[in-house]
Amino acid sequence: MDQLLSLAGQNLISPIILCFVLGVAASLARSDLSIPEAVAKGLSIYLLFAIGFKGGVSVAAHGIDATLGLALLAGVVLSALLPLIAFALLRLMTQMNRLDAAAVAAHYGSISIVTFVAATSVLDSRGVAYEGFMVAVAAAMEAPAILSALWLVAKGGGDGSKGMDNALLREIMLNGSIVLLVGSFFIGWATGEDGLAEISSFIVSPFKGVLCLFLLDMGLVAGRGLREGGKILRPAVLAFGVLMPLIGSVIGLGFAVALGLSSGGIALMMVLSASASYIAVPAAMRVALPEANPSLYLTLSLGVTFPFNLTLGIPLYVAVSQAVSGG
Amino acid sequence: MQTHRAKRVEITIEAVMQSRLTDALTKAGVTGYTVLPVLGGSGRSGPWSRSGQVSRASGMVQVVCIIRPERVDDLLDAAFAVVERHIGIVSVSDCDVLRAERF
């Protein structure tokens with residue numbers, strides 16, 4: 001418990017978290033502070049490239065084994081399974097209608113890459129090693145949740161669903177974030193340590209500073225979402241936004257331990273299972289389930305679950321992973 | 001200066017639906033249109049702004065077509081099939097153009 005509190009305390013006063021808090025506070029106070037859209041997009045491209053490249057370099061250094069394939073498979077299964085649990089929990093806890101519940105559930109099966117990046121930053125700063133291929137697991141977990149959600153709606157009669165067409169499938173599988181993450185992962189894998197040495201002054205040293213600015217923007221967006229969408233979140237829905245990541249992290253923990261991942265790998269699998277998407281899945285839901293309420297799922301994933309994971313969840317998952325692995 | 005009657009159709013729609021809409025317009029024979037970014041606004045879901053959107057899910061674009069009056073029904077049929085269940089606004093107004101052969 002002491003270790004958990006210490007880790008949580010260190011996490012809360014890190015520049016990354018404080019930048020996020022600044023963004024939320026500025027937004028709630030109705031400050032005109034904003035990060036221009038193009039700058040925010042540039043920051044996210046930088047972060048995706050850097051995290052993908054470094055993951056690929058790590059795989060090049062340590063080689064590949066069966067664990068990589070099994071971890072990818074575990075990621076796909078988790079992403080498909082978690083929406084079913086989230087859906088049941090939402091229906092039980094909140095009496096949310098089937099369409100909204102399925103749309104929200106999809107977000108909780110998919111992942112938040114920024115939460116993943118923040119978690120790797122915490123692990124790096126504590127010197128905890130993790131498997132580089134977890135970046136690929138993150139990419140593999142983006143899409144299956146969307147299919148599960150559409151299946152849940154179709155099973156209930158399909159009202160409100162436009163279903164999955166080839167264009168939507170292509171958009172999901174080839175969305176820019178996945179292409180950049182996987183592409184930079186392969187570049188890092190192909191070029192290895194030599195490639196990293198060539199560009200480390202660009203992708204290693206400035207990484208945390210860029211992450212700070214990006215989280216400032218995320219804080220502004222989360223604060224705006226809370227201000228504008230907070231009134232639609234009833235206590236039971238809010239409780240789901242905190243409970244579901246804890247349930248997801250425990251399931252992720254089980255998969256990670258079964259795979260024999262390192263302490264850092266376990267923590268990252270827990271983070272991926274606990275996080276909720278707010279980039280790829282909302283766009284897919286707007287196309288496939290246009291009558292589901294976007295304020296509901298965006299506010300929950302971005303305004304409740306993301307801040308929870310960032311401030312309290314990550315230190316909790318790291319502490320649990322270290323306790324379980326003895327690391 | 002000689003001018004010619006035409007119809008101006010403005011479709012404000014979610015950014016995620018842009019390519020679907022323009023594909024449907026092209027299939028309906030409407031090959032001329034302009035896509036404009038929408039900076040922000042306010043509607044039934046409250047105010048929103050383009051800056052600070054982390055997802056394309058909540059962004060909007062406007063597709064503007066200027067066509068001959070006799071072709072407007074085909075355009076609206078094609079557009080409506082795409083936008084029917086989505087957030088957005090479709091409006092039609094009269095306008096005049098200088099070079100009728102281009103529309």
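Which helix of chain B holds B:Val82? The views below take up this residue and others in a predicted model.

**View 1. B:Val82 in its helix.** B:Val82 lies in helix H2 of chain B, which spans residues 72–83. Its relative accessible area is 12%. B:Val82 therefore counts as buried, since the cut-off is under 20%.

**View 2. The elements of chain B.** Two helices and six strands make up the secondary structure of chain B. Read from the N terminus, the order is β-α-β-β-β-β-α-β. Chain B has 103 residues, and 37% of them count as buried. Take the contacts in chain B with a separation of 6 or more: 80% of them join residues 24 or more positions apart.

**View 3. A nonpolar surface patch with residues of chain A.** The patch covers about 520 Å². Its members are A:Leu70, A:Leu73, A:Val77, A:Leu81, A:Leu84 and A:Trp151. Helix H4 of chain A, residues 66–94, gives the largest share of the patch, with five residues.

**View 4. A:Val77 within the patch.** A:Val77 sits in helix H4 of chain A and belongs to the nonpolar patch. Why does A:Val77 count as partly exposed? Its relative accessibility is 36%. That value falls between the 20% and 50% cut-offs, so A:Val77 is neither buried nor exposed.

How values were computed: Residues numbered from 1 in each chain as written. Chains lettered and ligands numbered in written order. Predicted model: local features only at pLDDT ≥ 70, side-chain atom pairs only at ≥ 80, totals over all residues. Heavy atoms only, no water. Helix = DSSP H or I, 4+ residues; strand = E, 2+ residues; numbered from the N terminus. Buried < 20%, exposed > 50% of the residue type's maximum accessible area, 1.4 Å probe, protein only. Patch = residues over 30% accessible without salt bridge, like charges linked within 9 Å, V, L, I, M, F, W, Y side chains within 5 Å. Areas by Shrake-Rupley, 256 points an atom, 1.4 Å probe, with all protein chains shown as cover. Salt bridge = Lys/Arg side-chain N within 4 Å of Asp/Glu carboxyl O. Contact = heavy atoms within 4.5 Å.
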